[in-house]
Amino acid sequence: MERKKHSIDVLFMFVLFAVFAILSVLIIFIGSGVYSRITENKVINEQTRTTLSYIANKVRETDGIENIYITEKEGSQVLVLKAEYEDYAADTWIYEYDSKLMEMTVDSGDEFELRFGDVLLDTDGVEFYIDEEEKLLKVSIFDKNAKESKVSIYLEHIIR
């Protein structure tokens, strides 16, 4: 009788240890998945904020509100920033193409295809809007998680 009780105690301890080990491994896997998602979201947020800051600075360095406008090319909404120099004029086009936020700087009047731009960010959508009444340029970027990040740029100070 004593021997049977002893083997049940050993079996119970073994089962308890096995459950503890399995649950520990399960918690590690769950924690690593959560950590990966948090890290991925952090990177997406940083890239999006950096891109919005970049766009805001490009707009702020534009000479005059009349050199900022929104148009359409190849079915995409495009923010155009015109720059005029002494003997040279260039346009910077910022737009979404093939789920990517792109930028292209070309000589004013030159034709180009949107696919040749430089990639700024992977995205699920971009919207530009100029509020004439409040003199604001509103830029919204939607990441792959459908989260919207936006910036509003006051254009009044750009008038020269």
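Colleagues, I begin with lysine 135, which counts as partly exposed because its relative accessibility is 28% (buried means under 20% relative accessible area, exposed over 50%, and partly exposed in between, with a 1.4 Å probe and protein chains only). The model is a predicted one, in which local features need pLDDT of at least 70 and side-chain atom pairs count only at pLDDT 80 or more, while totals for chains, interfaces and linings use all residues. Residues are numbered from 1 along each chain as its sequence is written, and side-chain values use heavy atoms, with hydrogens and water left out.

Lysine 135 sits in the loop between strand 6 (125–131) and strand 7 (136–142) (helices, H or I of at least four residues, and strands, E of at least two, are DSSP runs numbered from the N terminus). Although not a glycine, lysine 135 has a positive phi of about 55°. Most residues other than glycine have a negative phi.

Where is glutamate 74 found? Its place is the loop between strand 1 (68–73) and strand 2 (76–84). In this hairpin, with two residues between the strands, glutamate 74 takes a positive phi near 50°. Glutamate 74 is partly exposed, at a relative accessible area of 49%.

Five strands form an open sheet in the order 1-2-3-4-5, with antiparallel pairing (two strands pair if DSSP finds at least two bridges between them). Strand 1 and strand 5 (118–122) are at the edges with a single partner strand each, so one side of each has no neighbour in the sheet. On average, neighbouring strands of this sheet are turned by 25° against each other, direction ignored (axes are lines fitted to C-alpha atoms, for helices over the stretch in contact, and angles run from 0 to 180 degrees between N-to-C directions).

Six bridges join strand 1 and strand 2 in the antiparallel sense. Isoleucine 68 faces leucine 81 of strand 2, and glutamate 72 stands opposite glutamine 77 of strand 2. Strand 2 and strand 3 (residues 89–97) are also antiparallel, over seven bridges, and a hairpin of four residues connects them. Here leucine 79 has isoleucine 94 of strand 3 as its bridge partner.

Aspartate 122 and lysine 100 meet at 3.1 Å, N to O. Aspartate 122 belongs to strand 5 and lysine 100 to strand 4 (residues 100–107), so this pair ties together parts 22 residues apart in sequence. Aspartate 122 is exposed at 52% relative accessibility, whereas lysine 100 is partly exposed at 29%.

Terms used. Salt bridge = Lys/Arg side-chain N within 4 Å of Asp/Glu carboxyl O.
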